[in-house]
Structure formats: C-alpha cells, structure tokens
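Please look over the sequence and the model shown below before reading on.

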Amino acid sequence: MSQRPFSVCVYCGSRPGSQAVYADSAKRLGAELGRRGWRLVYGGGHVGLMGIVADAALAAGAPVLGVIPQRLQAREVGHRGLTELVVVDNMHQRKQRMAEEADAFIALPGGLGTFEELFEVWTWHHLGYHSKPIGLLNVAGFYQPLLDFMAAAHNQGFVDASQQQALTVDDTPGRLLDRIAARAGQPGQPGAEDYAAI
C-alpha cells in the first residue's frame, strides 16, 4: 500500500473577493502544491477561491480531495473534476474528514466559514488534539486586522505567546509552503513560485 503525498488542507472563500490578487494567490498556491508533488485537501466547491485553488492544483498535477456536505452541493457547486470528491452529511463530518486527511492547514482569504475553520484547527492545536502546522496566507494584508486583534487579545491576557506562535504567517504562497514544510519536517522545494508568474 503506497503512502499518500504530503497533504495540505486549504480553507478559503466560496467567493473570489473584490481584488484580483486573491484569485492570483489561490492559483499560485495550487500550482505550488502540484509542483511539490503534494496533495490538496479542501471543501470540494467549484466556485470562488475554492474552485480556483483546486483547478490550479489539478492543472499542476496535484491529487485533490474535496469534502462537501450534501446540503452545500448546490450552493458551492461540488467540483466534478477532482481526484476524489467525498459527500458527507454535515459540516462537522466535513471538517473532521478534512482534518484527518491533512498534514498541515492553510487559510487563504475568505468569509465566516474560513474564519471558523481556521479558529477550530488553531484551538485544536492549542488543546493538543493535533500538532500539525497552521499557516495564514496574508494576501494584500487581508488578515492584518485579525492579527492586530489577536495581539490585542494577547495584551489583555486572553491569548498567550505560544498560541500566537502556532500560526505561521506569510504573504507569498511558495514561501509559506516552505515554512510549513519546515515545521512539519517535510523537505521543501523553494524558489520557482516566487520568481515566475503562474
């Protein structure tokens, strides 16, 4: 039985956002996953940044696992071109399956669902339920208000330094993957993504 590739769970918006840089970063991240021979695990949708990162990963040769609840098949338009699409009963099963299949987590820009997924795996890490790396792709400063808020929560005594340090933050897809790989003990392949347009 062959071992599966290093798998990165990506949380991101089911909308493309208001700036082209969000879609561009999603494309670059998906292409980088394929270039490294890694696998994408994500929410299974074909719309917004979800579809963009999946299409880019597939085009670059990455295996892609999507996990989507039956209720969201119509709303998020389940992607029909994936290596594997798993349809589950509810959001709890979706998040659990994605977490089980992942060796690391990355959040791109997104909305409520993305925030909730990020904070859940971040909390699980703090409580010792997993030790997988968690990355934040801070595209065009999208997450800076959140990072400022977390610093304020730290200053007020509600978040400690180790919780903040559990999150790896970068604004460049390839560099973030390199840093995630280092934290996971996975050999990285730096360089190409940061200097060539995808």
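## Two helices at an angle

Helices α3 and α4 are oblique to each other, a word used for angles that are not under 35 degrees (roughly parallel), over 145 (roughly antiparallel) or 65 to 115 (roughly perpendicular). The axes of α3 (residues 91-101) and α4 (residues 112-126) cross at roughly 55 degrees and come within 12 Å.

This is a predicted model, in which local features need pLDDT of at least 70, side-chain atom pairs count only at pLDDT 80 or more, and totals for chains, interfaces and linings use all residues. Residues are numbered from 1 along each chain as its sequence is written, and side-chain values use heavy atoms, leaving out hydrogens and water.

## Where the helices meet

On the α3 side, K95, Q96 and A99 meet E116, E117, E120 and W124 of α4, where contact means heavy atoms within 4.5 Å. By class, this contact has 2 nonpolar, 1 polar and 4 charged residues.

Is K95 buried or exposed? K95, which lies in helix α3, is buried, with a relative accessible area of 8%; buried means under 20%, exposed over 50% and partly exposed in between, with a 1.4 Å probe and protein chains only. Leaving out residues up to four places away in sequence, K95 touches E116, E117 and E120.

## The nonpolar cores

A nonpolar core is a set of buried Ala, Val, Leu, Ile, Met, Phe, Trp, Tyr and Cys residues joined through side-chain atoms within 4.5 Å. The largest one has 29 residues, and among these L40, I106 and L108 touch the most other members. A second, separate core of 24 residues includes Y11, V41, L65 and M98.

How values were computed:
Axes are lines fitted to C-alpha atoms, for helices over the stretch in contact, and angles run from 0 to 180 degrees between N-to-C directions. Helices (H or I, at least four residues) and strands (E, at least two) are DSSP runs, numbered from the N terminus. Ala, Val, Leu, Ile, Met, Phe, Trp, Tyr, Cys and Pro count as nonpolar, Asp, Glu, Lys and Arg as charged, and the others, Gly among them, as polar.
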